[in-house]
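Work through the exercises below with the model open. Try each task before you read its solution.

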Amino acid sequence: MRRSRGEAPGPLAGVPITVKVNVDQQGWATTNGLTLQKDLVAEHDSPVVANLRKAGAIILGRTNTPAFSLRWFTRNLLHGATTNPRDASITPGGSSGGAAASVAAGIGALAHGTDIGGSVRYPAYACGIHGIRPTLGRIPAWNATGPDRGIGAQLMAVSGPLARTIADLRLALGAMSQPDARDPWWVPAPLEGPPVPQRAALCIAPDGMPVQAAVAAAVRDAGKRLQDAGWEVAELPNLPPLRESADIQLLLWLAESRRAGTGAYGREGDPDALAVFGYMERLCAEPSLFDFQDALQKRVGLLRQWLLFLERYPVVVMPVSGALPYRNHSDVESFDGFRQMMAEQLPQLGLPVLGLPGLTVSTGLVGGVPVGVQLVGPRYREDVLLAAGAAIEAGGVPAAPIDPA
């Protein structure tokens, strides 16, 4: 139709794509995996969905998330459970588990996801594909059917694409990043920046986090691929702080949930969400106003350390997770097990509050279980991460799409 009117078809013309159920899509309920919101039908598209339509994408359907988009696993009382198409015994990731599973299985070429604590990066890792959490403000976001974003979401939550190739991620990122005045946090930053040195820092265990041998091997393999592509790679024993950032992330996230959502958790009655939210509360005492203000100020200092570091090393190579993808729903089995996961997921939790971009690049399989690495870079330099990701991808990635196991 666009061609018949003499209009450009758009960069995603005819490309099949899915949209996560926690953003507004006109005519569909923005459920966020909740029975409480099963009738919360959106009257308008959110900015990211509107941008996908403008780009010519064909929306095939909506993808599943855990209740409240809370977990690194995907199951809820409304839509049921999503399984990993590579291995049903391991998690597809979360909260964009449905998005990652759909791309890995070939349902769509691209998928929309959101990431406030790893919810794009971890599902991509678990399903053996790629996914990017852009810089805060790169992709416009806003939902009319729910409350506007609180302070925690303003500081951390972003939409991002998942895909089977780095080239597809680049294309999707450009389409999703177009301006929309409904989001006051959107930033008109160029998609391509000036040249930077091909220099990367590689760190196996930031802040001494627990890392399995197979994960460490994948990180070093990615560094070798970059070296083979002409990058200078320095393996470092540590990076600017991540654990302090993760603590701030948890404080801000829970402050918002405690203020607005504690009653909703009880009303929804989702046993997984209740368990995980309870575990998180045990890990983070309720802050005073002074604690809250101190956390926001500390965030600025931590970001300054990272920005100065990234001037010297424009790309950082680190684990996506310290562990291979978890056995499905093992997060709700015990508090001690969940606490171990939080330590292993430090790279997922430590970056969002800083607003830095992160790219998951799938690199291979350990048996039938996916493994990969995370690349981190300066604000609004997703182009640098994608260039490094393409060099790593060229060394081999798991075959996809796949027939579900």
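**Exercise 1: A strand and its partners**

Valine 316 stands opposite valine 376 in β12. The model is predicted.

Task: Find which strands pair with β10, and in which direction they run.

Solution. 
- Step 1. Take β12, which covers residues 369-376. Four bridges join β12 to β10, and the two run antiparallel. Valine 316 facing valine 376 belongs to this part of the picture.
- Step 2. Turn to β8, residues 199-202. Three bridges link β8 with β10, and here the strands run parallel. Leucine 202 is set opposite valine 317 in β10.
- Step 3. Check how β10 is placed. Five of the five residues in β10 (residues 315-319) are buried, so the strand is largely enclosed by the rest of the structure.

**Exercise 2: Another enclosed strand**

Task: Describe the pairing of β1 and explain why β1 is largely enclosed.

Solution. 
- Step 1. Locate β1 at residues 16-20. Five bridges join β1 to β2, residues 58-63.
- Step 2. Read the direction: β1 and β2 run parallel. Valine 19 stands across from arginine 62 in β2.
- Step 3. Look at burial, for which the cut-off is under 20% relative accessible area. Four of the five residues of β1 are buried, so the rest of the structure largely encloses this strand.

**Exercise 3: The nonpolar cores**

Task: Find which members of the largest nonpolar core touch the most other members, then trace the contacts of methionine 280.

Solution. 
- Step 1. The largest nonpolar core has 62 residues. Phe68, Leu70, Met280, Trp306, Val316 and Leu356 touch the most other members.
- Step 2. Ask which element contributes the largest share. Helix α7 (residues 243-260) does, with eight residues.
- Step 3. Set aside neighbours within four places in sequence. Methionine 280 is then in contact with Leu70, Leu250, Trp253, Leu254 and Phe338.

**Exercise 4: The cavities**

Task: Count the cavities of 30 Å³ or more, and say what lines each one.

Solution. 
- Step 1. A search of the whole structure gives two.
- Step 2. The largest cavity holds about 120 Å³ of space. It has 14 lining residues, and Leu70, Arg71, Trp72, Trp253 and Met280 lie nearest its centre. Helices α9 (271-283) and α11 are the elements that give two or more residues to this lining.
- Step 3. Sort the lining of the largest cavity: nine nonpolar, three polar and two charged residues.
- Step 4. The second largest cavity holds about 40 Å³. Gly128, Ile129, His130, Arg164, Ser362, Val397, Pro398 and Ala400 line it. Four of these are nonpolar, three polar and one charged.

**Exercise 5: The second largest pocket**

Task: Find which helix gives the most to the lining of the second largest pocket, and what kinds of residues make up that lining.

Solution. 
- Step 1. The volume of the second largest pocket is about 240 Å³.
- Step 2. Its lining includes Arg243, Ala246, Asp247, Leu250, Cys284 and Arg339.
- Step 3. Helices α7, α11 (335-344) and α12 (346-350) each supply at least two lining residues. The most come from α7, with four.
- Step 4. Sort the lining by type: eight residues are nonpolar, none polar and three charged.

Technical notes. Residues are numbered from 1 along each chain as its sequence is written. This is a predicted model: local features need pLDDT of at least 70, side-chain atom pairs count only at pLDDT 80 or more; totals for chains, interfaces and linings use all residues. Side-chain values use heavy atoms; hydrogens and water are left out. A nonpolar core is a set of buried Ala, Val, Leu, Ile, Met, Phe, Trp, Tyr and Cys residues joined through side-chain atoms within 4.5 Å. Buried means under 20% relative accessible area, exposed over 50%, partly exposed in between (1.4 Å probe, protein chains only). Contact means heavy atoms within 4.5 Å. On a 1 Å grid over the protein atoms alone, a cavity is a set of points where a 1.4 Å probe fits but cannot get out, and a pocket is an open set with protein on both sides within 12 Å along at least five of seven lines; lining residues have an atom within 4 Å of a point. Grid points are joined across faces, edges and corners, and a volume is the space filled by probe spheres set on the points. Ala, Val, Leu, Ile, Met, Phe, Trp, Tyr, Cys and Pro count as nonpolar, Asp, Glu, Lys and Arg as charged, and the others, Gly among them, as polar. Two strands pair if DSSP finds at least two bridges between them.
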